[in-house]
Amino acid sequence: MKLKTDFTVSTVLGDPTAQSTYTKDGIISVAKTGGAKALTKLSSNSIVHQATDSAANNFNALITPAGITSEVTEQGVTKSKLTQTADNIMAAAGDTTTFTVAADNVNFEVGNNSISVTPVSTSLTGGGSTFTLDSAGIDMQGTVTGTSSEFTNLKVINGYLAVYSSPLYLNNDPNSTTTSSIGITSVTGSKAGIEVDNTTPGSEAITLFGAVTCNSGGGVVCPSDKRLKKEVKTDIPGLALITKLRPISYIRDYVSEQQFRPQQEKDLTQLENTERSRQSGLIAQEVEAACDEINYQFDGLHRPRNAQEPYKLNYQSFIMPLIKATQEQQAQIETLEKKLQTLEKLNEKLAETH
């Protein structure tokens, strides 16, 4: 049926009022109540809906064969917008936040920060930093805001980890820069190589499993400046400690060691029957007993803080008692030499009298 003339149907039920107009092009419906108004237009190729409240806040929606668009405005300012087409979906909140879903990409943006996901990669950008995850690996780059000289680039490619930083500082406490941290600086800086700092009493800065090789002829260097020491004493025991120690050789018990390393990925027990080389050392409990006997607080002895930790020894700390023991032995040797010289002179005099 075709309309020969336009006609309008009005319905008045007090307040609100509603009115619909039918034409050959479509239908227009309007409803009003107080300061609010709603309008709907239906045609052969679109549906338009508009709603306005008494505070001039609007909701607009458009449906066409090309897609769907809806928008919410407050006092003429767009607060949110949703657009859906055959190719993508885009949602926006204000001027700073958008979310887009397309056939080959998902992108989320908040201000200058964004996350982008494609079938082959994922990237995150914000605050001068980027994070990219793709088939080649992981690439993270960043700069400290306002400090262009501080730059970090971390890459994980084919199982390898590469870190480029100026400087790099790793810390397990986000509110501290001095507890359990690793600092790496360039060799041209005031500090060269790797700096490890751990101020937690009784704990180690680095725990290594296996041997350490130094290819450049260097070694372990510790600060020993007089200006860094106070309350200096010469109370290191020498022979009193060294003579109580029992040097031993042993085969490593991997089955027992495994219980102290529950988080270790490698199963040490598989080495029990294959690794049989003998090692040399001391037994920490015997060192503890020797120190207790002479009432010596030895910094080379690390007692366990809980049942999950083993006893540990810092063999480098034994150098001081060994130096002291050597000095004591040398003093004894010199005393004996003087006694020997006295006896030899006495023998010479006795020989002259006979």
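Predicted model: local features only at pLDDT ≥ 70, side-chain atom pairs only at ≥ 80, totals over all residues.
Figure 1. Residues are numbered from 1 along each chain as its sequence is written, and side-chain values use heavy atoms, leaving out hydrogens and water. You'll find four helices and 24 strands here; these are DSSP runs, numbered from the N terminus (helices: H or I, at least four residues; strands: E, at least two).

**Figure 2. Tyrosine 296 beside phenylalanine 298.** The structure holds three aromatic pairs. Rings of Phe, Tyr and Trp (its six-membered ring) pair if their centres lie within 6.5 Å; planes under 30 degrees apart count as stacked, over 60 as edge-to-face and the rest as tilted. With centres 5.6 Å apart and planes at 25 degrees, the rings of tyrosine 296 and phenylalanine 298 are stacked. Both tyrosine 296 and phenylalanine 298 are buried.

**Figure 3. Phenylalanine 298 meets phenylalanine 318.** Here the ring centres are 4.9 Å apart and the planes sit at 80 degrees, so this pair is edge-to-face. The pair links distant parts of the chain, 20 residues apart: phenylalanine 298 is in the loop between helix 3 (284-293) and strand 23 (301-302), and phenylalanine 318 is in the loop between strand 24 (312-313) and helix 4 (319-353). Phenylalanine 298 counts as buried at 5% relative accessibility, and phenylalanine 318 is buried at 6%.

**Figure 4. The aromatic cluster.** Tyr296, Phe298, Tyr315 and Phe318 come together as one aromatic cluster.

Key: Buried < 20%, exposed > 50% of the residue type's maximum accessible area, 1.4 Å probe, protein only.
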